[in-house]
Amino acid sequence: MLFAGFAVIAQDQISGRVTDAETGDPLPGATVQVQGTTEGTVTDTDGYYKLEVSDLEATLVFSFVGYQPENVPIEGRTTINIQLEEVVTELDEVVVVGYGTQERGDLTSSVSTVSAEDMAEISPESVDQMIQGNAAGVSVSPSGGLPGAGSEIRIRGTGTINNTQPLIVVDGQTSRNWSNQQFNPLSMINPNDIESIQILKSASATAIYGARAANGVILIETKKGAREKRPTFTYSANVGFNQAWKKLDLLNAEQYVAYARDIQEEAETGVPPKLNTDYVLEDRTDWQDEIYRNGLVTDHNFSVTGGGEAAQYHIGMGYSNKSGHVIGHNFERYSIRANSEFDVTDHITFGETFTASYVNVDETSPGGGNSSLYGAALRMPPYAPVKDPDNDNTEHYTYVTTSEDLNDAFNPLAIINLQDNQRRRARLMATGYGEVDFLDAFTFRTQVSVDLNGEHQYSYRRWHKNGNLIQESELTEDYDWGVAPLIENTLTFEKQFGIHDITILAGNTYDFSRGRHLGIQGRNFPNDEIRLVNVAGEQLIRNNAVSAGQNALIGYFGRVNYSLNNKYLFTFNFRRDGSAKFAEKRRWGNFPSFSLGWKLHEEGFIQDNIPAISQLKIRGGWGKAGNDLISSYAYLSNIHKTNVHYVLGTGQEIVSGASISDLSSSGIRWEETATTDIGLDLGLFDNRYTASFNYFDKATSGILINVPIPPSLGYGLTYDFGSPVVNEADVRNKGVEVDLGYRNMEGNFNYRIGANATFNLVKGEVESLGQGEPIYAAGGQLLRNFTKTAEGLTIGSFFGYRVDKVYSTQSEIDQDNQMARDMLDDTDATYQSNAAPGDFRFKDLNGDGQITDDDREVIGNPIPDFTYGISGWFRYGNLDLSLSFQGVQGNDIFIEQLYWNISQERPFNATTRVLDRWQEPGDQTDWPRAASTDPNNNARPSDKYIDDGSFLRLRNLTLGYNFSNLWNMDRLRIFATAKNLFTITDYGWYDPEVGGSNLERGIDDGIVPQPRTFLFGVEVQF
């Protein structure tokens, strides 16, 4: 009996220390309690505790006011040290704005934030992915699904027909895209180095950046050290694979051969002997499977962070290696970043940021026309093997020809494996700065930065046959280098006078850049081993592949922030920029902005009557910013000398000369964007519930366009060459942005839920083209001019014919032709030239009785009605789960790859959609006949190419587990991640996530689809 009583009261002592995770400072008075019991204690003044417990398998709950609680299983241990992370409220969060910081509660403009906390547990592969779906008003459209691919980032819509990429600033240094080729400059940045991303959306926030801010500004802050913190070492790694998530249903061998015979039967030419053999009825190759693979991906990151009383530092190194889900593509990045800061005295501080990165990309050539990788995989006959040991081709790759197969599609494996495409890029960005505080209110800062870039693109193609062509051996090389120094000085006055808070900023900037580009080429090499241009049979410097340029910008700027009684807020910005991109008399521009805010939650009538409201602020502003993303010499006339000849003298000799290719445009100036912004910020129950609403009206004026001139003037070459560039066009965007959030950081179950949406009320609508004419664009080798930009239309609207039906019989055509004769009073009139049973009947939209170019109209809009994102983070004990969804709704996609499926004029392989084609009189179908040469031009741009691009995608799903105090580590976490796990869409082609330039947005011309990725990783901190 006594023994049993002793067992009940037996106790074990647990001891340890509770500290701040960021600073390492002790947390006195923190609560340590055995979960589910009344046993507990508090820490002493140095953060230490001792606690008697009766069960060494229980769980301790550590909590402290303002910090996130932690639940730690004892698991038999007697010493448990814990670090608690501070919970930063929405109001206290410090937001980086241009040339300074503000507390979020004091903002009067529209700024979205993506923090390292939000992204830390989902292993983003790029900066683009960190932003995508996580910021209202920001659209990220990838140019493809291969690692390192670029993205079109648009903030608050498409404001110009020209470049809409935002200004990107990393640690105060402008990040520019040096490459003459398509390259993603953000791919040079290791996402693991990033602390936060601030997106300045309203012109009242961006005007401080003046001439380069019309498209919005993205401010990237990298991780810094912390004062009086012991060195903390962090290592993270993941490994996994990516794969294709969708294939198209294509014809098998028997279906394909029947399809080919059907086409030739209409042409009454018959088929080659090969197509009458049993050989072609056997399925030998699934060409989609052949170009796909499970691509290995891995990331490794190591960092050390710390600091003393007068210094702090952060050093990070990263390595990333990602093989694409399409064979032949690999992305590799090495990066190192060092940030440090130290105090010389109590008033003088020096610091630096240094980043070096090297990217190595082995890539598949996207090609065009017959050499398009995806186009080739879709068109190759299924009976053809990848290789034929009996042919004379390099490495025996199979090739098909028109004479034997009625098909000259390229073998995609030959495209990939017989061509070596490499891109190497090295970049160094370094900044040194000094700050001096004086007179208790002034801070002077000077900063000197440099951006160095070097790039080499290399492409070697071995001799081989493909399709009907003999591809000669060829080497193409491009060399680029650039240097850009930046000098900035700011003086800040910050003072509180009773109920008045005022901050005044003044500064200037000098930004200079210089670069060169050289492209060389060699053909007909004696062998494939020595790949140097000087051994080629033919050597040349490519036309338009030699260039040099430089640019300079000088800016003066200022800002005033004023707060009255912490209730009434006012901000005014002004910047004046001068740019060498414009003629001397047009180089300077002024960019003002202002904004107001009212903190209603600080008013007594709110505090006394609605205590649930922890934040209620209304704000509004107006501002103007510029866009200088044009070539450096656009205001000058250009001279060309290629194929320019004159007949001179009495002997009428032909001599080479030069000619003016276009007129000067000395009067051009900045494109200017003026934005009106009205917003409301709401927080309830200590900001557990948050909401933000923004309305914006964004008007861009003076957009640069070409104005046609009469050909009789003798300028120019083709298309728009010769036309002067003028500031004539105006475009408007309007929309509403919504951000919602809820967080519960109390108890054993913690979670955050967020949602954002952008409703596009006016979608890049052209209000004026001035003297300019409608702009027709888009199209490759087969289709032309199927987007239209004109007054009253969205930029890049899809333009073409409307399909009414497929003619079932000749009598339907006869009825239409009779109607045309009656309306036109012309006995030879026809409704639709060359129409036959099985052809599309196009709609007569203008009612003149026949189909002409005037029957085209807008058939689709590439810009969605709204976009949205949903995210969630959940933690129970040591288990955490995070997920994010992203979606778009109401946009159209033009599937250019459908051309051969619609025209059916040549027997390329096709999707099973063609099995529903019209084949004999009386057939009722919506797919036209197979007809050699397509006499009715069924494949003309029409709404048959248009598909719904709406989708909802599970962008990320991560499950992790934290081991507490294992092996005395501060943190040990394992996790598994799935990216693009599923997509809900009605889109009928590969992937609805289609990007594109402003005039050619939403065109699926063979874009590489996004992959599905699975990762497994570990994070260690000690």
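Arg156, Lys201, Lys617, Arg619, Asp677, Asp681 and Glu737 are linked in a network of salt bridges. A salt bridge is a side-chain nitrogen of Lys or Arg within 4 Å of a carboxyl oxygen of Asp or Glu. By this rule the model holds 58 salt bridges. The model is predicted: local features need pLDDT of at least 70, side-chain atom pairs count only at pLDDT 80 or more, and totals for chains, interfaces and linings use all residues. Residues are numbered from 1 along each chain as its sequence is written, and side-chain values use heavy atoms, with hydrogens and water left out.

Helices (H or I, at least four residues) and strands (E, at least two) are DSSP runs, numbered from the N terminus. The relative accessible area of Asp677 is 2%. Arg156 is likewise at 2%. Both values count as buried (under 20% relative accessible area; exposed is over 50%, partly exposed in between; 1.4 Å probe, protein chains only).

Asp677 also forms a salt bridge with Arg619, at 3.7 Å from N to O. Arg619 lies in strand 31 (residues 613-627) and Asp677 in strand 36, so this pair ties together parts that are 58 residues apart in sequence. Arg619 and Asp677 are both buried.

Another salt bridge joins Asp697 and Arg732, with an N to O distance of 2.5 Å. Asp697 is in strand 37 (residues 689-706) and Arg732 in strand 38 (residues 725-744), 35 residues apart. Asp697 is buried at 16% relative accessibility. Arg732, at 21%, is partly exposed.

Rolling a probe the size of a water molecule over the atoms shows where empty space is left. A cavity is a set of points, on a 1 Å grid over the protein atoms alone, where a 1.4 Å probe fits but cannot get out; lining residues have an atom within 4 Å of a point. Grid points are joined across faces, edges and corners, and a volume is the space filled by probe spheres set on the points. The count comes to 11 cavities of 30 Å³ or more.

The largest cavity has a volume of about 500 Å³. It is lined by 34 residues, and Glu125, Ser126, Gln129, Leu146 and Gln1010 are the closest to its centre. At least two lining residues come from each of helix 3 (127-131), strand 11 (138-142), strand 20 (330-343) and strand 50 (951-962). The lining of the largest cavity divides into 10 nonpolar, 17 polar and seven charged residues. Here Ala, Val, Leu, Ile, Met, Phe, Trp, Tyr, Cys and Pro count as nonpolar, Asp, Glu, Lys and Arg as charged, and the others, Gly among them, as polar.

The second largest cavity has a volume of about 290 Å³. Of its 28 lining residues, Ser139, Val140, Ser141, Gln886 and Val888 are the closest to the centre. Two or more residues are given by each of strand 11, strand 39 (749-768), strand 46 (866-876), strand 47 (879-889) and strand 48 (892-895). Strand 11 supplies the largest share, five residues. The lining of the second largest cavity holds 12 nonpolar, 13 polar and three charged residues.

An open sheet of five strands has the order 10-15-16-13-14, with mixed pairing. Two strands pair if DSSP finds at least two bridges between them. Strand 10 (111-115) and strand 14 (173-175) are the edge strands, each pairing on one side only. Strand 13 and strand 16 (residues 217-222) run parallel and share four bridges. Ile168 stands opposite Ile218 in strand 16.

Strand 5 (residues 59-63) and strand 6 (residues 70-73) run antiparallel, joined by four bridges. Val61 stands opposite Asn71 in strand 6. In a regular strand the side chains alternate between the two faces of the sheet. Both faces of strand 6 are covered: Glu70 and Val72 on one side, and Asn71 and Pro73 on the other, are all buried.

How values were computed:
On a 1 Å grid over the protein atoms alone, a cavity is a set of points where a 1.4 Å probe fits but cannot get out, and a pocket is an open set with protein on both sides within 12 Å along at least five of seven lines; lining residues have an atom within 4 Å of a point.
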